[in-house]
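I opened a new page for this chain and wrote down what I looked up, one entry at a time.

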Amino acid sequence: MDESTSALASAIGVRVRQERLARQWTLDRLAEAAGVSRRMVVNVEQGATNPSVGTLLRISDALGVGLPALVEPPASKPVKVTRSGQGAALWTGKSGGRGVLVAGTEPPDVLELWDWTLAPEDRHASEAHTPGTKELLQVHQGTITLEVADQSVTLEAGDAVSFLGDVEHSYANTGTQPARFSLAVFEPGVGPGSRSEASDA
């Protein structure tokens with residue numbers, strides 16, 4: 001991991017541990033609630049791994065805090081500004097693309113805003129999010145191929161799409177030029193009494 005990735009992994013680890021201890025949960029309890037291994041929880045808390053977005057979503061959902069809470073400090077002010085270049089890079093593609101979480105809200109209805117860049121041949125596959133999750137995507141540059149369940153659509157610069165995020169989906173750049181898009185993710189009912197928490201009881 002490079003220095004910025006290592007610092008982010010460490011910050012995420014601190015937040016996960018704080019949230020787990022605040023609930024008086026054991027490592028095993030969090031691992032079971034999140035559907036990940038105990039070793040993964042330990043590695044995340046120690047900042048020893050760069051977990052996938054899917055793993056972070058499972059852990060944040062289990063804790064009932066939403067993904068943005070794991071990557072940014074709690075805000076006491078009504079306005080939270082993320083300056084250019086300061087978002088949390090949570091995904092890096094094999095060809096150099098990046099998925100950067102630039103803003104997010106707190107539970108119970110979590111809204112995330114992402115800035116994505118996909119290099120040619122980059123592809124990001126996402127497992128199904130919690131029920132009721134919706135996504136909005138707008139392409140700013142290049143061409144994106146979006147696959148949602150068994151449907152595939154090609155989007156050019158300026159095109160936008162809305163789709164359900166509670167099914168498997170993926171974003172790919174099959175072109176020869178870099179592609180960039182904004183992505184908003186709405187995940188309802190995160191936190192105490194949420195569907196994901198209730199299903200872990």
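Entry 1, E121. I am working from a predicted model. I looked up E121 and found it exposed, with a relative accessible area of 71%; the cut-off for that word is over 50%. E121 sits in the loop between strand 3 and strand 4 (123-126). Its phi is positive, about 80°, although E121 is not a glycine. I noted beside this that most residues other than glycine have a negative phi.

I then looked up A149, another residue that is not a glycine and has a positive phi, here about 55°. A149 belongs to the loop between strand 6 (143-148) and strand 7 (151-156). I have A149 down as exposed because its relative accessibility is 57%.

Which kind of peptide bond joins P107 and P108? I found a cis bond, with omega about 15°. P108 lies in the loop between strand 2 and strand 3. Leaving out residues up to four places away in sequence, I listed E187, P188, G189 and V190 as what P108 touches. I also took the C-alpha distance from P108 to V65, which is 7.9 Å across a sequence separation of 43 residues.

In the contact list, 15 residues of domain 1 meet 16 residues of domain 2. I checked the UniProt record as well: its unreviewed entry carries the annotation "domain: HTH cro/C1-type" over residues 16-70. Over residues 16-70 I get 69% helix and 0% strand, with the end C-alpha atoms 7 Å apart.

Helix 1 covers residues 3-22, which makes 20 residues. From first to last C-alpha it reaches 29 Å, close to the 28 Å expected at 1.5 Å a residue. I marked as buried T5, L8, A9, I12, G13, R15, V16, E19 and R20. What covers these buried residues of helix 1? The cover includes helix 2 (27-34), helix 3 (38-45), helix 4 (53-63), helix 5 (67-71) and strand 1 (88-92). After helix 1 comes Q24, with a positive phi near 60°.

How many of the 11 residues of helix 4 are buried? I counted 10, so I wrote the helix down as mostly covered, buried being under 20% relative accessible area. Among them are V53, L56, L57, I59 and L63, and also D61. Helix 4 lies across strand 1, strand 3 (110-118) and strand 10 (179-187), and runs at about 130° to strand 1. Just after helix 4, G64 has a positive phi of about 75°.

I traced an open sheet of 6 strands in the order 1-2-3-10-5-8, paired antiparallel. Strand 1 and strand 8 (160-164) are at the edges with a single partner strand each, so one side of each has no neighbour in the sheet. On average, neighbouring strands of this sheet are turned by 25° against each other, direction ignored.

Strand 1 and strand 2 (residues 98-104) run antiparallel and are joined by 4 bridges. I looked up W91 and found G99 in strand 2 as its bridge partner. Strand 1 and strand 2 make a hairpin with 5 residues between them, and in the turn G96 has a positive phi of about 110°.

Strand 8 pairs with strand 5 (residues 134-141) in the antiparallel sense, over 5 bridges. L137 stands opposite V161 in strand 8. Which residues make up the covered face of strand 8, and which the uncovered one? I put V161 and F163 on the covered face, and A160, S162 and L164 on the uncovered one. In a regular strand the side chains alternate between the two faces of the sheet.

With 54% relative accessibility, S162 counts as exposed. Apart from neighbours within four places in sequence, S162 is in contact with E135 and L136. Last, I took the C-alpha separation of S162 and Q18, which are 144 residues apart along the chain: 35 Å.

How values were computed
Residues are numbered from 1 along each chain as its sequence is written. This is a predicted model: local features need pLDDT of at least 70, side-chain atom pairs count only at pLDDT 80 or more; totals for chains, interfaces and linings use all residues. Side-chain values use heavy atoms; hydrogens and water are left out. UniProt positions are given in the numbering used here, feature names are shortened, and annotations may be inferred rather than shown by experiment. Helices (H or I, at least four residues) and strands (E, at least two) are DSSP runs, numbered from the N terminus. The expected span of a helix is 1.5 Å times one less than its number of residues. Buried means under 20% relative accessible area, exposed over 50%, partly exposed in between (1.4 Å probe, protein chains only). Contact means heavy atoms within 4.5 Å. Two strands pair if DSSP finds at least two bridges between them. Axes are lines fitted to C-alpha atoms, for helices over the stretch in contact, and angles run from 0 to 180 degrees between N-to-C directions.
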